[in-house]
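Please look over the model below. My notes follow as numbered points.

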Amino acid sequence: MNADIQQMRRIIELVDAISLPWPFDFKDLPRFFCKKLLLFGRSYSSTAMTKAILVIGHGPIGHSFIEKITTSEVAANYQLSVLCEEPRPAYNRVMLTQYFEDRDAEKHDKMKLSYVTEQELKELNVNLIYGRAMSIDREAKKVSYTFDSGNESIAYDVLILATGSFCFVPPVPGMTIPEKKNVNWPDDPASRPEGVFVYRTIEDLESLLAKSKSGATRAVVIGGGLLGLEAAKAVYDLKMESHVLEMAPYLMPTQLNEAAGQVLGKKINDLGVRVHCGVQIKRVVLEDDKVTGIELLEKGEDTPTVLDTDLIIVSCGVRPRDELARQCGLEMGTRGGVKVNESLQSSDEHIYAIGEVAAIGGQMCYGLWAPGVEQAETLVQNLQQPGSSEYVASDLSTKLKLLGVEVASFGRSADFWFKRQFDGKDPSVKFIDSKDEINDTYRRLCFSADGSKLMGGVLVGDAKDYSKLLQLSKKEDLAGNEPAGLAFKRPPPGASTGAPIDGGDGTGLADDDTICTCIGLTKSQAIIEKEAYTIPQIKKACKAGTGCGGCVTPVGEVPKLLAHTLKKLGKATASGICPHFNYSRRELFDIIKIKELKSFTEVLSSVGQGATDGCELCKPIVASILSGLWNDHALKAGGDITPDTLIAFAQTAKKYGLWTKITGAQRLGMYGAKIHDLPDIFKELVDAGMETGLLPKRNMAYGKALRTVKSCVGTSWCRYGQQDSVTMAVTMENRYKGLRAPHKIKMAASGCLRECAEAQGKDVGVIATQAGYNLYVCGNGGAKPVHAKLLATDCSVEQVLKYTDRFLMFYISTAKHLQRTAPWLAELEGGIEYLKKVVIEDSLGIADDLEKMMENNRSNEKCEWKEVAYDEELRKKFKQFANTDETHDSEQIEYIDMRGQRHPNLYSPPDITGAALYTKEDAKESWEWIFAGLTSAYPPNGGLSVKHGTQELAVFHLPKQAEEDQWLAAQNLCPHKQARSISRGLVGEQPNGTLTLADPIYKTTYDLRTGRGIGNPNFNLSTFKTKVEDGKVFVQVPPSEEMEEAFEKQIRASFKAAGQEYKKKVGGRVSAQDLSW
């Protein structure tokens, strides 16, 4: 520093005096030379004033501090360095399990989980150092560290310890190798036998993946808390047999009461993960220093047993990484961690601690992401202005999804957990339990003794209202709610009156409601204050969604708030149904209607973009719109059927060996028909007087169309009947039987107010009165039942049909894709009163248009069965294989006798994971070229099955692609659940040119060129070379016997890995009792 000043004085002597401001003030000198001179690449001001901040630990909390200090007003006062122990910059450790889907470690600092890149840190003037801190010299203010090529030290003026925590490994015999304990790296894998893992870093997950690929099929997770269940999800996703061992009597004992823990345990057990609670772990069983099992004493047992396993994941809690602090003599917390005051300052005034290593007041180390972020903010404020901010405590409320099960725990204060107020043993806290055994959900809400305040709660299975309950627990009253109403999710008294808490913006959120609990972000701060108008902009501007990610999911608070805020600001939002169409379903419906577009190809070429074909998202939506408008394709109705028709139905079912059932939709159901038998089945049924839809397996019952018109017997056979409800139901069904819609539609006609047909739970329902019919709309049953709303009273039959025509076409024209009438009405501004004006009063002047649309739809309705039955060209579409008229059993399903009928033995074949057996790049010259059918037989942008011995191929024709991609072939066996359905998949193209294939049953997606899984990289298809000669398609494949043996081996291995016995179907039946396998 003195040398710099002397150098500066010499330079001053050389500067012409006339260039100095006069009268000259010496305090202006640094500012003057900042403008005029560069001294050794930096200004005098920065030389004299800059302090060195060193952060040890570049995890989420260390990076949160870096983000905040580099954007603060004092950023120029500090030279920032960060010592990173892992081989990549900070990434989202909260969402670590997401890595099993991404598997992108090779992208280094550009993983999907990455918070920042090395280049971005450079641009922030942050010196990133890869190395492990070994010691702190407090007197010299230096930190020594090791790296790949040696040792080094770095000086600091301010030291920030953000070292986080390490996984606690219980002292069970065989769990660790004591002589290899690493005091500087407690998670060192060398300190554990082969097969014992922890769950903390990307490297830990990569090791797990490697173990899985080497053939591991069974895993044990020790710990049933948050971390343990996250690890259980990891091995569950790897298709291993999974066991969770918890020493407490139930799962998540720190956050949940016993009833909640039991519900969670049942839901996870139902997923196939075996949960063992109340166990004692005796030892890890090793052979040749490798894990082969774990000895444990189950609850209620007297003798230990050995559970065979290939690997053990230890995830039963964490401990603060405080070894550096202990080594240099800092004062420690009572249970570990660095003792810090309200300013996050340790016993050394130059050293601070944040995150899991900081023991606040020497008592509490927070193991959650949100408290660490709050601590980072407090520390930055204190570095700007010492003493300006204090950190005392954080909210421990959490919401997460464990193996698909929503779990939440929230409280008014830390006493809710530390004093276990949720256990029901505190006389000052009263609780109400609500348990739904049908849906396996549970909630306990805890209130003050007088019931005036919400103290906290636990939610399992359904945590959708977590945010609102959390906010309510911070308030001094229940905001007009009643305790029982909150517990049982009933609206508060008078909910429909008074000013809305959201100020009328439709979000249901008050300005001070928290939308991201990870960082404590409120509604008023998220978008308008930050001027962020997309989800990525919001993430960047205020970090919402960078923690657990729950708030930015489609059902989170951020997308809802974003949509309403942008609407209020008059800003357009991207609402396209997929990358190929920048339009919502409603907008696309209007475009197709006005332009009179009649096919997907016309729609794509007219208003689509970016591809020669669509994708699995837009194709069904456009098909629904085309059917709803033009009805080029599409039941006896009302449940009315003759004895002769019943006889014909029974004879056909018996002839083809079909399972039969009278469905809840008043349909005669036939199940288990082979596709190539359908044209003959159609013909027999049509000849007997039946129409499309009588069988539920065809379009109506599982399609987005009219499902049923339920009826009672009305005046014909009931003394209470007011009108002929059967005739009314038949009339409605015949009128709307060909209608396609955004979602399924159900109707009913009741003959009196006793409502035997349950019309008030249907999308359209009529109830007979003495003067006619009352018309109800927009009701539905299902998971979220909604009572229908009264649209009109005492209507004639003609009025019922007219109003129903208008209502249905208005709904079809304006609803979102897959939106039922009840949620559509809930979003319709003005609700049922507005709908009455549109449908009955014709307030928009569109009634005639709606009626004409319905008439056009009805006039184009056809019986699809009849068309297929008597059209030879259409019959060809039902051939099983493109290259032969032969057929064989593609199902590979074992059938059993159940209640006197042929019934599939209900077990789920395991997934086939790993690399594909064959790739077209590795095709051998000795492989044969087999005939795969005529080019004219293949539909454009679609596929057909090809028979090769006992095996099946899927061949696709993509005429708009480059020549080498116009014919593509893959295996027909989908690795997911082993369905032979690939040839019937939906083909599409992503904006980046990737050709996609979506399995029609499970929607598993693949790259059609390479066969690689897109949605799940574990699923991969074999691919084969193709060629076309003289109008014939050929595929190059291995000999049929070789191919059969290879796939059989792969299938058998999948059953063995899943712990199931493989029984290749040979055509026989087994008895209903023989289900043990």
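1. The charged end of Arg444 sits over the ring of Phe431, 3.7 Å from its centre. Likewise, Arg132 lies over the face of Trp185, at 4.1 Å from the ring centre. (A charge sits over a ring if NZ of Lys or CZ of Arg is within 6 Å of the ring centre and within 35 degrees of the ring normal.)

2. This is a predicted model: local features need pLDDT of at least 70, side-chain atom pairs count only at pLDDT 80 or more, and totals for chains, interfaces and linings use all residues. Residues are numbered from 1 along each chain as its sequence is written, and side-chain values use heavy atoms, without hydrogens and water.

3. The whole structure holds 15 aromatic pairs (rings of Phe, Tyr and Trp, the last by its six-membered ring, with centres within 6.5 Å; planes under 30 degrees apart are stacked, over 60 edge-to-face, the rest tilted). One is Phe581 with Phe600: the centres are 6.5 Å apart and the planes at 75°, so the pair is edge-to-face. These two residues are 19 residues apart, and the pair links distant parts of the chain. Both Phe581 and Phe600 are buried (under 20% relative accessible area, with a 1.4 Å probe and protein chains only; exposed is over 50%, partly exposed in between).

4. Tyr811 and Trp824 are also edge-to-face, 5.4 Å centre to centre with 70° between the planes. Tyr811 counts as buried at 0% relative accessibility; Trp824 does too, at 4%. Together with Phe807 and Phe810 they form one aromatic cluster.

Definitions and conventions
Helices (H or I, at least four residues) and strands (E, at least two) are DSSP runs, numbered from the N terminus.
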